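This report looks at one protein chain, first as a whole and then at a single residue. Please keep the sequence and the 3D view at hand while reading.

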Amino acid sequence: MPLIRIERRTHLPAEEAWRRLTTWENHARHVPFTAITVTTAPPTGVGTRFTARTGTGRAGFDDPMEVVRWQPPTADRPGRCRVEKRGRAVLGWAEAEVVPADGGSLAVWSEEVRVRGLPRLLDPPTAWAARLLFGRVVTGLLKER
């Protein structure tokens, strides 16, 4: 699976950057033709499940995910969250890490993503597309008001 890593420095305090990166429904505002539905009751934590539905009408696919690690940031510890992809079409995991830093925080998004049925030969373009997409998502979430 191709691994991507996106780093963004932000003026936001770590707690706010964390909140923005882990409010799952908001990710859909930055991914075309996608809606996200959280299927478990709040608050978010280990066991939270949500599904990203990408497509239009009947043409599309579901990307169900589950939070398997949940450690919000504190003044002396980075926040870390891991989401496992549980679907038929998209495989892999994503991790968000938010590190308190002088004047704000550092947000790191790492992801291994694979589309079932695609040959490994297509890993490089898949990684390129994922880096572009998730870079846009992370940047957009951190800039929202």
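## Burial and surface

In this predicted model, 45% of the 145 residues of the chain count as buried. The accessible surface of the chain comes to about 8100 Å², and 56% of that surface belongs to carbon and sulfur atoms.

## Overall fold

The chain is built with two helices and seven strands, and reading along the sequence gives the pattern β-α-β-β-β-β-β-β-α. The radius of gyration is 15 Å, close to the 15 Å that the globule rule gives for 145 residues, so the chain is as compact as a globular protein of that length.

Along its principal axes, the C-alpha trace spans about 45 × 35 × 25 Å. When contacts between residues at least 6 apart in sequence are considered, 46% of them join residues that are at least 24 apart.

## A closer look at K85

K85 lies in strand β5, which covers residues 79-85. Is this lysine buried or exposed? K85 has a relative accessible area of 12%, and because buried means under 20%, K85 is counted as buried.

Leaving aside residues up to four places away in sequence, K85 touches D63, P64, M65, V90, L91, G92, W93 and E111. With one of these residues, E111, the side chain of K85 also forms a polar contact of 3.4 Å, which joins the two side chains.

Notes. Residues numbered from 1 in each chain as written. Predicted model: local features only at pLDDT ≥ 70, side-chain atom pairs only at ≥ 80, totals over all residues. Heavy atoms only, no water. Helix = DSSP H or I, 4+ residues; strand = E, 2+ residues; numbered from the N terminus. Rg over C-alpha atoms; globule rule 2.2 N^0.38 Å. Buried < 20%, exposed > 50% of the residue type's maximum accessible area, 1.4 Å probe, protein only. Contact = heavy atoms within 4.5 Å. Areas by Shrake-Rupley, 256 points an atom, 1.4 Å probe, with all protein chains shown as cover. Polar contact = N/O pair within 3.5 Å; in protein donor to acceptor, adjacent residues only side chain to side chain.
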